[in-house]
Amino acid sequence: MKKKQFKAESKRLLDMMIHSIYSNKEIFLRELISNASDAIDKLYYRSLTDKKVKVEKEDFRIKMEVDKENRLLIVEDNGCGMTEEELEHNLGTIAESGSFTFKQEENQNKKDVDIIGQFGVGFYSAFMVSDEVIVESKSIDSEKAYRWVSTGVDGYSIEECDRKIVGTKIILKIKPDEEEEKYSDFLENYRIQNIIRKYSDYIRYPIQMEVENRHLKEGSKDEYESHVETETINSMIPIWKKNKNEITEEEYNNFYHEKYMDYEDPINVIHTSVEGQVSYNALLYIPSHASYDYYSKEYEKGLNLYTSGVMIMEKCGELLPDYFSFVKGLVDSNDLSLNISREMLQQDRRLGLIAKNIEKKIKTELEGMLEENREKYEQFFKAFGMQLKFGVYNNFGMDKDKLKDLILFHSSTENKLTTFKEYVSRMKEKQEKIYYACGESISKIDLLPQVEQVKEKGYEILYLTDYVDEFVTQTLMEYDGHQFVNVSTGDLDLDSEEEKEELDKENKENKKMFEEMGKVLEKEVTGVRFTNRLKNHPVCLTSTGNISLEMEKVINAMPTDEKIKAQTVMEINAHHKIAEKLKEIYKKDKKSFDQYTKVLYAQARLIEGLPIENPTEISSLICDIISK
Ligand code: ADP
């Protein structure tokens, strides 16, 4: 028997497989099973047009067999088989085979590991786990059967062999164990079953294996006996390919628990089948709670990607936008090819189309939930609302319009969360702006001096309690033509003409006094003035620039060296008795005036939830004032 040489490209690929340090070696089984399934497909289609080919669909199967003693793993199919020429051509010149498009020049600079990881590497991947590979095959077109044998790069041989039934048997001689890789695992039933369920669960033909099961002995209550039984490992019909009305909620949920490691039921299931430019089925789940790692760097978004029942990518991130990264599930499209590299796939137009459709679908689903089942939506929002908010201001607000109606906030008048749309629908006749206030909690915001006037005028205020909230309103800037205004910033323009005039007069008259206070608080504030925005409180801080006091707090709490400062104005209640007291003391007691100014400012910071930088000084100032 003459040894034949592999073609050059095949040789290089094969060499790579043999010396592979690729850690995900288990995929070899996926590749062999997928070849077997293709071969059965071919024979079946042949039978449809060729009367001479007689097959029963029910007889098709892929058989797995293990011979531990001789370290053999066998994959056998009853598909179309290969003639001598086909063995020679298909297995001797892999680089030319159907869908494998390995180009040596393009990949020269890449590490081998990358290449194996990126491609479905087909038949040769068997060499990642085997010393020797034997293929015995009888083609539907040949009277004789042939055996192809190879131990690797030094070539292969083909000889006639004894095989009566049409089909192919692949015999792998599993490598001895090494320190880094326990190849013997691939001879364990449980491991083989796991791999099959993971990658090939939805292959349309049964993948069978003899399994030893223990049963109670007939007539006995405690004596067991073992039976060897043929079991089908794969479930064959994917749940997502079934008709929606054939699937119970329980089935959907069970599938979710099993595949996505969540013990709780999902809050929503989206099951769609799309025919068009690109056809696909998708089964998507919205979890009811965020997993422990969801808001961490470790979390990896993505949907599992299948083609014709074979999984080609776990967690394909391109299928989900970041703001919907909580969605779990899968997409199955026959339009994508099995052997396509990750990089090529990422650029695939069809994948982009699927992703776009899926995004729309998720959004519509969430909108529906918001409208029809508020309680459920709020539960969802509690878990993932933060992610939607990130989505609004990420990428310079590129997606803000898609998400703005999905976001909820607390409100000063409603006992429940509210959308911007609902807020606008409740706006008072002449109200132009959307008011909001920031703070740690509803109760704390309620006590903020700055909300007093707005509330008294009868306007609703959105209560922003998450640290990201204000980034949302700042990114959106307006909703439905109504500008967002922080009640703690600038001029709210709520005063009547009369009130304004009076306040202006007061501020002008006391200009010198405020300048004096400004000097005392030189590093802290950009100005001091009287205000009408307060009712009972003596003093508050407002900001004038783009950075609000709340943002100052949030940004400065981040672990960066760069600290920022809002442009702060101290506002004093023009109608509070403290106003009169200040005027009086300004005229007669310069020292006390400076002290009062400092204490007032410290109070304002405390109310705002900001730290005081000089607590001991303030404390002794207060003592001074008390003991006067
Ligand atoms: P691909 O499946 O991407 O074409 P492979 O390297 O896996 O590449 O296989 C090469 C070729 O060998 C296949 O295209 C097919 O024609 C043939 N082949 C592999 N396994 C089988 C099998 N079990 N039965 C029949 N033909 C097979």
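1. Two strands pair if DSSP finds at least two bridges between them. With that in hand, look at the open sheet of five strands, ordered 14-16-15-18-17 with mixed pairing. Strands are DSSP runs of E with at least two residues, and helices are runs of H or I with at least four, numbered from the N terminus.

2. A quick caveat: this is a predicted model, so local features need pLDDT of at least 70 and side-chain atom pairs 80 or more, while totals for chains, interfaces and linings use all residues. Numbering starts from 1 along each chain as its sequence is written, and side-chain values use heavy atoms, with hydrogens and water left out.

3. Strand 14 (410-411) and strand 17 (478-479) are the sheet's edges; each has a single partner strand, so one side of each lacks a neighbour in the sheet. Further in, strand 15 (residues 434-438) and strand 16 (residues 461-464) run parallel, joined by four bridges. Tyrosine 435 has isoleucine 461 of strand 16 as its bridge partner.

4. Now the aromatics: there are 37 pairs, meaning Phe, Tyr or Trp (six-membered ring) with ring centres within 6.5 Å; planes under 30 degrees apart are stacked, over 60 edge-to-face, the rest tilted. Tyrosine 256 and tyrosine 260 sit 5.9 Å apart, centre to centre, with planes at 40 degrees, so they count as tilted. Both belong to helix 7 (residues 249-260), four residues apart, about one turn of the helix.

5. Tyrosine 256 is buried at 0% relative accessible area, and tyrosine 260 is buried too, at 14% (buried is under 20%, exposed over 50%, partly exposed in between, with a 1.4 Å probe and protein chains only).
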